[in-house]
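Please open the model in a viewer and keep the sequence panel at hand.

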Amino acid sequence: MDATNRYISKIARAAQRCAAHSLADLGVGPTERECLVRVRRNPGTSQMYLSEQLNIDRAAVARMLANLEKKGLVIREPDENDKRANKVYVTDLAQEIIQSDLGGESMFYEWLTDGMEEEELARFADTLSRLAQKARNERMAQFVNFTKWAQDHREEV
């Protein structure tokens, strides 16, 4: 049984929805928001990369980028190494929006933990930090340890 009851995912989704709520006025949806964050982290990224990262087909990425371009949030420039591809960048307006949006997400987490005792919050943050580091290490290792663990545990069931 999952000891966390997927609470971490539920909290993260609520925080993202809260932050994205402010973007709704600009006509930016959750997938577009995630796209903007990814492009901001990887300036000059390709549509292929976005397709893989967002787990949506290339045509959907192209349509989304066209919409974001119309809203003045991204620019696409031809890739000088591959004339069939574009490099994608966020605009200054998108930078401001993302910064504000991420600030809203941070404020949601601050609101959530408001009223927790300092010691409780410190233990909680330490636990989350260890889990995040373990998850990151496993992702970097291409999930080999998890895959083995899952196979061993499937045999036990």
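Which residues make a nonpolar surface patch of about 520 Å²? Select Y7, I11, Y109, W111 and L112, which together make this patch. Before continuing, note that this is a predicted model, in which local features need pLDDT of at least 70 and side-chain atom pairs count only at pLDDT 80 or more, while totals for chains, interfaces and linings use all residues. Residues are numbered from 1 along each chain as its sequence is written, and side-chain values use heavy atoms, with hydrogens and water left out.

**The nonpolar patch**

Colour the selection by element of secondary structure. The elements that give two or more residues to the nonpolar patch are α1 and α5, and α5 gives the most, with three residues. Helices are DSSP runs of H or I with at least four residues, and strands are runs of E with at least two, numbered from the N terminus. Patches consist of residues with over 30% relative accessible area and no salt bridge; nonpolar side chains (Val, Leu, Ile, Met, Phe, Trp, Tyr) are joined within 5 Å, and like charges within 9 Å. Accessible areas come from the Shrake-Rupley method with a 1.4 Å probe, and for residues only the protein chains shown count as cover.

I11 counts as partly exposed, at 32% relative accessibility. On this scale, buried means under 20% relative accessible area, exposed means over 50%, and partly exposed lies in between (1.4 Å probe, protein chains only).

Then move to L102 in helix α5 (residues 92-113). L102 is partly exposed, with a relative accessible area of 29%. Draw a distance from the C-alpha atom of L102 to that of D25: the two residues are 77 apart along the chain, and the separation is 16 Å.

**The positive patch**

Select R6, K10, R13 and R17, which form a positive surface patch. Lys and Arg count as positive and Asp and Glu as negative, whereas His and the chain ends are not counted. The place of a charge is taken as NZ of Lys, CZ of Arg, CG of Asp or CD of Glu. R6 is found in the segment before α1 (7-23), and R6 counts as partly exposed at 48% relative accessibility.

From R17, step across to P30, which is 13 residues away along the chain. The C-alpha atoms of P30 and R17 are separated by 7.7 Å. P30 belongs to helix α2 (residues 30-41) and counts as exposed, at 62% relative accessibility.

**Salt bridges**

How many salt bridges does the structure hold? There are nine, a salt bridge being a side-chain nitrogen of Lys or Arg within 4 Å of a carboxyl oxygen of Asp or Glu. Three of them may be displayed in turn.

- Show E69 and R76, whose closest N and O atoms are 2.9 Å apart. E69 counts as partly exposed at 32% relative accessibility, and R76 likewise counts as partly exposed, at 24%.
- Show E119 and R123, with closest N and O atoms 3.1 Å apart. About one helical turn separates E119 and R123, because they are four residues apart in helix α6 (residues 118-140). E119 is exposed, with a relative accessible area of 59%.
- Show D152 and K148, whose side chains meet in a salt bridge of 3.0 Å, N to O. D152 and K148 are four residues apart in helix α7 (residues 144-156), so about one helical turn lies between them. D152 counts as partly exposed, at 31% relative accessibility.

**Backbone in two loops**

Select N55 in the loop between α3 (47-54) and α4 (58-70). N55 has a positive phi of about 60° although it is not a glycine. The residue N55 is exposed, with a relative accessible area of 70%.

Continue to the loop between α6 and α7, where Q142 lies. Q142 is not a glycine, yet has a positive phi of about 65°. Q142 is exposed, with a relative accessible area of 62%.

**Cysteines**

Finally, display C18 and C35. Is C35 buried or exposed? C35 is buried, with a relative accessible area of 0%, whereas C18 is partly exposed, at 37%. A search of the whole structure finds zero disulfides, a disulfide being a pair of cysteine sulfur atoms within 2.5 Å.
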